[in-house]
Amino acid sequence: MKLVELVMSVKPVMSNSDDELKDNNRDEEVVEPESSFLQSSKANQYRTGTHDFENRLHKFNMTFLRALAKPILPAGYWAKNRYTRHDEQTPINLTFDDGPDPTTTKELLVVLDDEKVKGTFFFIGENIRRYPELVEAVHKAGHTIGNHSMTHAFLPRLNTKAVEKEIDQTNQLITEIVGVSPTLFRAPFGILDKRCAEILKERRMSTVYWGAMADDFRPIGDEAVVSRIMKQIPGNELVVLHEGHHASQCISSTREIIRRSKELGFTFEPIQ
Ligand SMILES: [Zn+2]
């Protein structure tokens, strides 16, 4: 577990801080009013060289982390390629963690509706309690809802009773709103132990792990999120994005990831 944490903590060595970026922009000529995505792409042009290095390093880190984690963690869904024929692509599973959130969920529903894409939302129980109407809206729009624990605790550190409570309370809250208990679970921080896996098995729930990720819980910019995800997608069609951390980054990059993936011929489906 220590090694996993070490890999997760690797920081790009050539990172530009946001303050440096602002300073670089200060002397720049007038920025025309454009969509937030284009504005952010423009900002990213100033650090393109560095950023591409960071994004490639991120892909390397993620590949290493997945290779390290898969044999250690209990069985679960990793979105392996289901098709053996080279001319068929695996549909992308777009997943959104940490919601529902008033700054992102409704807007994401608009994006997904515009693009005719169904996704999977892993909700935190405490947020469900605060925003039940958002859970209902996601359910009515036909997306899949999964359990992301009650308090987003690191489950391997909790005792068995506490783990059961994290899972059961969230299942109950979702059931009260949508009428059915979720069958999917994503562990907070993507990590669970055998004991947690047993608890899920008793409840006939499946664990969903992670494929393409982007550190999008940090304000890295839309273009970096899109670039990092697109670099990892072939072979890692289980895409993880995060709600409620940086709203405009989450919404704009989701729209752009869908568009670029469609251009490459990918389709989308929720996890069932
Ligand atoms: Zn989470």
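Because the model is predicted, local features need pLDDT of at least 70 and side-chain atom pairs count only at pLDDT 80 or more, while totals for chains, interfaces and linings use all residues. Residues are numbered from 1 along each chain as its sequence is written.

User: Why is Asp98 called buried?
Analyst: A residue is buried if 20 or more other C-beta atoms, placed from the backbone, lie within 10 Å of its own, exposed if 12 or fewer, and partly exposed in between. Asp98 has 22 C-beta neighbours inside 10 Å, so it counts as buried.

User: And what makes Asp215 partly exposed?
Analyst: Asp215 has 17 C-beta neighbours inside 10 Å, so it falls in the partly exposed class. Asp215 sits in the loop between strand 5 (206-207) and helix 10 (222-232); helices (H or I, at least four residues) and strands (E, at least two) are DSSP runs, numbered from the N terminus.

User: What is the phi of Asp98?
Analyst: Phi of Asp98 is near 80°, a positive value in a residue other than glycine. Asp98 belongs to strand 1.

User: How do you know that strand 2 and strand 3 pair?
Analyst: Two strands pair if DSSP finds at least two bridges between them. Strand 2 (residues 120-123) and strand 3 run parallel and are joined by 4 bridges, so they meet that definition. Phe122 stands opposite Gly146 in strand 3.

User: Which residues of strand 3 are buried on each side?
Analyst: Thr144 and Gly146 are buried on one side, Ile145 and Asn147 on the other.
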